[in-house]
Amino acid sequence: MSRTALRICPLCEATCGLTLTIEGTRVTGARGDRDDVFSEGFICPKGASFGAVDGDPDRLRTPLVRKDGELREATWEEAFDAVAAGIRPAVERYGPNVVGVVLGNPNVHTMAGALYPPVLLAGLGTRSVFTASTVDQMPKHVSSGLLFGDANAIPVPDLDHTDHLLLIGANPLESNGSLCTAPDFPGKLKALKARGGTLTVIDPRRTRTAKLADRHLAIRPGADALLLAAMTYTLFEEDLVDTGELTPHLQGLDELRDAVRDFTPEAVADACDVDAGTIRTLARELAAAPTAAVYARIGSCTVPHGTLASWLVDVLNILTGNLDRPGGALFPQAATDRTPRPAGPSHGFTLGRWHSRVSRYPEAKGELPISALAEEIDTATEEGEPIRVVVTVAANPVLSVPDGDRLDKALGGLDFMVSVDPYLNETSRHADVVLPPPPPSQSPHHDFAFNTLAVRNQVRYTRPAVPLEPGRMAETEILARLVLAATGMHGADPSAVDDLVIGQTLGKAVKETYSPVHGRDAKELAGLLTGVSGPERRLDMMLRLGPYGDGFGVRPDGLSLEKLLAHPHGIDLGPLASRLPQPLKTRCGKVELLPQPIADDLPRLRQAVSERSAGLVLVGRRHLRSNNSWMHNVPALTGGTNRCTLHIHPEDAAGLGLVDGQPVGVKGAGGAVTAPVEITDTVRRGVVSLPHGWGHDRPGTRMSHAAQDPGVNVNQLLDGRLLDPLSGNAVLNAVPVELITKL
């Protein structure tokens with residue numbers, strides 16, 4: 001007998017609602033939930049393949065513990081005993097910084113990944129923290145921190161209401177959106193055009209998104225910040241700046257004008273390979289539109305001036321009066337956000353509070369560049385002990401980080417390593433303990449991170465669609481026990497972690513004068529929380545303290561877990577709305593248009609005006625049917641266009657004597673790979689493209705389908721030394737490469 005169950009899809013940032021068909025305990029089908037308040041039935045190939053992802057036979061089902069050099073199945077008790085024995089002695093002998101914690105992208109797709117890693121980091125006290133952010137979006141966090149005082153205050157385009165959308169280095173028809181949570185992003189772009197709006201795409205590739213655009217500009221890779229700076233210059237020069245209602249909230253307008261005076265369209269045109277007249281037209285159209293939004297993503301982040309490009313995106317939204325207004329770029333308000341504090345000066349955002357041990361890279365948002373992980377393990381200095389222990393949670397840096405070969409060797413020399421991962425992959429194969437979480441159907445789901453980036457305010461929660469299989473452990477319990485084992489509390493009840501967080505959070509809330517529970521008893525409030533588990537009680541607490549919450553009875557119509565459970569398809573909280581100045585946490589209480597770190601980095605951008613790469617440059621590529629490397633192990637999500645090929649323009653191919661399908665060597669500063677050629681005019685001349693997440697050919701893994709068509713690891717072309725200096729983000733695009741045609 002089959003049944004259905006609701007589930008929010010965890011496979012990309014769109015967070016679509018699904019209706020699962022379940023036979024016994026097996027997911028046999030997935031379709032879009034038409035009653036979902038956010039996605040309204042939209043589904044992509046990843047969501048439709050939920051059952052295949054969930055039931056992948058290569059998923060680990062029991063812990064693995066290394067004995068006599070070999071990973072063997074073990075009990076949960078044996079696994080956590082080994083974790084405690086491997087981590088605590090190293091911390092007690094050498095200090096907390098010898099433990100490196102690596103958090104991968106899937107952490108933001110699960111409840112456990114949102115709730116427990118912060119507790120782990122606080123308990124360990126380590127500064128050796130590395131995440132996928134520094135091979136992705138860290139420049140946006142840094143620019144938002146410098147502009148608004150909060151690295152997580154990221155405005156998103158009001159897709160449903162804007163008249164003019166400018167996309168830079170973004171391909172949402174493949175990615176489904178990123179740092180902009182929007183189910184059916186393709187449909188929203190088509191609706192924009194249908195209502196008479198304008199879509200402009202700036203990308204060196206003619207992507208599926210670019211093909212939909214009214215105008216596509218094939219910019220020279222890496223020149224995004226120059227183009228945006230010239231548009232900013234044009235707004236000032238032609239007296240097109242109109243900050244409107246934003247004006248009282250801005251500081252540094254005159255200083256900004258002076259800072260961009262050298263970036264004329266004529267000066268940057270050759271470097272961008274976009275003529276000056278077109279650059280001026282882009283600025284004029286942006287200023288003239290009734291409403292407009294500039295949105296940029298990974299193509300503009302993973303370049304040498306990623307933070308400057310991210311900063312200039314918001315500068316353009318500000319100068320045209322489109323920040324914080326409907327139809328422009330707005331700050332979402334998630335249901336689990338902290339209680340809104342009164343507007344006014346705050347603590348601000350600081351870079352470089354500490355530095356990496358070897359190359360002295362500055363910290364950003366509490367993290368060190370993940371490109372530095374290998375050297376922090378394998379290089380001795382007088383600055384302190386190297387990393388001796390690594391904890392990875394849903395991370396595969398051997399494939400996702402520059403120079404995976406070096407990191408591969410470094411991980412093999414650790415004193416101890418533990419991985420929380422459903423697969424034995426290129427990274428977790430080095431672990432001494434592997435702790436496998438259950439498949440997504442057996443886990444609850446709420447999007448803590450993505451609701452802070454959603455294009456409409458809403459809240460949804462789904463309990464597990466399938467009960468835990470015998471012998472499995474909930475991901476939330478795995479991470480709670482990991483916290484206890486790593487922080488000297490091994491053997492305590494895992495509920496102690498949730499109780500600790502609840503006690504600390506409520507204890508602070510009752511002391512905040514603006515909190516709805518100010519002056520009340522924290523223990524009494526804890527007793528009022530509902531839910532069948534510690535994570536549910538924490539969700540209930542966050543909802544009740546949040547901007548829409550019931551305040552523990554203060555606002556009877558407000559949110560609570562009980563109310564959310566009564567609405568299985570979610571609760572719509574309305575369109576995005578203007579919120580300034582409340583989100584600002586700068587020291588002056590205003591938007592700081594020209595923060596000092598930005599001003600200090602502008603000379604480097606001026607130098608880029610005259611810099612050129614004489615040969616070919618590399619850019620990345622995204623596939624609709626895969627998000628991270630582990631999805632290549634699902635047959636339903638591979639094949640077809642989802643292939644690891646080198647895209648090259650027909651004229652470049654002809655000049656090198658290349659033909660379709662021919663293997664060609666690609667050489668970069670970090671190494672060389674060989675990939676089949678795919679000749680296509682969707683990539684501009686002088687540019688070649690390889691997708692990320694491939695390279696499944698290392699021994700000792702258990703990803704059988706991925707190994708049949710392993711592809712090559714594009715990040716092996718990089719040596720990890722090219723970083724955006726403000727954010728520590730790896731430079732993955734606009735990288736010079738050489739093609740070797742005779743193999």
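This note sets out points on the cores, sheets, helix packing and selected residues of the structure.

1. Basis of the model. The model is predicted: local features need pLDDT of at least 70 and side-chain atom pairs count only at pLDDT 80 or more, while totals for chains, interfaces and linings use all residues. Residues are numbered from 1 along each chain as its sequence is written, and side-chain values use heavy atoms, with hydrogens and water left out.

2. Nonpolar cores. The largest nonpolar core holds 65 residues, of which Leu226, Leu227, Met231, Phe263 and Trp311 touch the most other members. A nonpolar core here is a set of buried Ala, Val, Leu, Ile, Met, Phe, Trp, Tyr and Cys residues joined through side-chain atoms within 4.5 Å; buried means under 20% relative accessible area, exposed over 50%, and partly exposed in between (1.4 Å probe, protein chains only). Helix α10 (residues 224–237) supplies the largest share of this core, 10 residues. Helices (H or I, at least four residues) and strands (E, at least two) are DSSP runs, numbered from the N terminus. Another core, of 50 residues, lies apart from the largest one and includes Ala90, Phe416, Leu435 and Met473.

3. Leu226. Leaving aside residues up to four places away in sequence, Leu226 touches Phe263, Val268, Ala271, Cys272, Leu605, Ala608 and Val609. Contact means heavy atoms within 4.5 Å.

4. Packing of α5 and α19. Helix α5 (residues 117–124) packs with helix α19 (residues 475–486) at an angle of about 0 degrees, and their axes are 9 Å apart. Axes are lines fitted to C-alpha atoms, for helices over the stretch in contact, and angles run from 0 to 180 degrees between N-to-C directions. The helices α5 and α19 are therefore roughly parallel to each other (angles under 35 degrees count as roughly parallel, over 145 as roughly antiparallel, 65 to 115 as roughly perpendicular and the rest as oblique). Pro117, Val119, Leu120 and Leu124 of α5 meet Leu479, Leu482, Val483 and Ala486 of α19.

5. Four-stranded sheet. An open sheet of four strands has the order β11-β10-β9-β13, with parallel pairing; two strands pair if DSSP finds at least two bridges between them. At the edges stand β11 (215–217) and β13 (293–296), each pairing on one side only. Neighbouring strands of this sheet are turned by 15 degrees against each other on average, direction ignored. Strand β10 (residues 198–202) pairs with β11 over three bridges, and Thr200 has Arg215 as its bridge partner in β11. Helix α13 (residues 276–288) packs on the sheet and touches β9 (164–168), β10, β11 and β13. The direction of α13 makes about 135 degrees with that of β11.

6. Seven-stranded sheet. Seven strands form an open sheet with mixed pairing, in the order β5-β4-β17-β16-β15-β6-β7. The edge strands β5 (70–73) and β7 (129–131) each have a single partner strand, so one side of each is left without a neighbour in the sheet. Strands β16 (residues 416–420) and β17 (residues 433–435) run parallel and are joined by three bridges. Val418 stands opposite Val433 in β17.

7. Two buried residues. Asn171 is found in the loop between β9 and α7 (172–175) and is buried, with a relative accessible area of 11%. Not counting residues up to four places away in sequence, Asn171 touches Arg205, Thr207, Arg208 and Thr209. Ala30, in strand β3 (residues 26–32), is buried at a relative accessible area of 19%.
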